[in-house]
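Here is a short briefing to read alongside the structure. Please keep the 3D view open as you go through the points.

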Amino acid sequence: AYNYREDIYDKELAGNADRANITLNELFIREVPELDDEFAKDVGDFETVDDLKKAVRDDIEARMRGMSSQDVQAQLREQLGPKYDFEVPESLVERVLSGMFHEQEQAHSQEEGHEEGHEHPEEGSEEHNKALEAFSSEHRDEALVRVRIMLALDIIGEQENIEVAEEQIRQRVAMMASQYRMPPEQMMQYLVNSGRVSNIHAELRDQQVLQLLEDNAEIEEVE
């Protein structure tokens, strides 16, 4: 027997008791290995369990620092938008809107798990164009801010002579290739054919500019 929560969406069931019959077919017991030096050697290149604990602790601390850095850089992005209030090329706004729309379609596809019978409108079709037009109308202000931030980062990058090395691009491509389980050469060819190498270059440059701004920012921690 069990009771429904008071805040359940169905008001007729809220707070009421109910009963269910359950048949147990199998029972699994998790066997937790002993945390010792032998376990540490099995899970990685560690000699002792203390080495393993230190590696885990260092990884957690690095992740926390990364999260803090991402938060600072997100705030810097937000501050750059209003600071650089200037006219931007309409073609750039449309390109950003198109990219935002594509990102939304990809996110929806992943959430839906490619459900059978559910397909997005074909690109270039009347239905697709109407959806893009509606999306662009709703998100135009956001796209304007994104373009201004993008151009502001470009300006700062040029003023500070920030450049992206070819090795940085190769490392990013190798990481992407690993994620998609394909050879780096094949991933690079795909990026070249789709014209996305310039996007990676811009992304890496923006990261360096934001890191520069973060390094020189006056950060005040507020509880």
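I29 is exposed, because its relative accessibility is 70% and exposed means over 50% relative accessible area, buried under 20%, and partly exposed in between (1.4 Å probe, protein chains only). This is a predicted model, in which local features need pLDDT of at least 70, side-chain atom pairs count only at pLDDT 80 or more, and totals for chains, interfaces and linings use all residues. Residues are numbered from 1 along each chain as its sequence is written, and side-chain values use heavy atoms, leaving out hydrogens and water.

**Around I29**
- I29 sits in the loop between strand 2 (17–18) and helix 1 (37–43); helices (H or I, at least four residues) and strands (E, at least two) are DSSP runs, numbered from the N terminus.
- Together, L24, L27 and I29 make a nonpolar surface patch of about 400 Å². Patch residues have over 30% relative accessible area and no salt bridge, with nonpolar side chains (Val, Leu, Ile, Met, Phe, Trp, Tyr) joined within 5 Å.

**Overall build**
- The protein has seven helices and two strands, in the order β-β-α-α-α-α-α-α-α from the N terminus.
- Of its 223 residues, 22% count as buried.

**Nonpolar cores**
- In soluble globular proteins, nonpolar side chains tend to be buried together.
- The largest nonpolar core here has eleven residues, including V88, M100, F135 and V147. Such a core is a set of buried Ala, Val, Leu, Ile, Met, Phe, Trp, Tyr and Cys residues joined through side-chain atoms within 4.5 Å.
- Helix 3 (90–112) and helix 4 (126–159) are the elements that give two or more residues to this core, and helix 3 provides the largest share, six residues.
- Another core, of nine residues, lies apart from it, with V164, V173, L191 and L204 among them.

**Salt bridges**
- There are five salt bridges, each a side-chain nitrogen of Lys or Arg within 4 Å of a carboxyl oxygen of Asp or Glu.
- E90 pairs with R140, with the closest N and O atoms 2.8 Å apart. E90 lies in helix 3 and R140 in helix 4, so this bridge ties together parts 50 residues apart in sequence.
- E203 forms a salt bridge with R172, at 2.9 Å between the closest N and O atoms. This pair links E203 in helix 7 (residues 197–215) to R172 in helix 5, 31 residues apart.
- R172 counts as buried, at 14% relative accessibility, whereas E203 is partly exposed at 38%.

How values were computed. Patches are made of residues with over 30% relative accessible area and no salt bridge: like charges are joined within 9 Å, nonpolar side chains (Val, Leu, Ile, Met, Phe, Trp, Tyr) within 5 Å. Accessible areas come from the Shrake-Rupley method with a 1.4 Å probe; for residues, only the protein chains shown count as cover.
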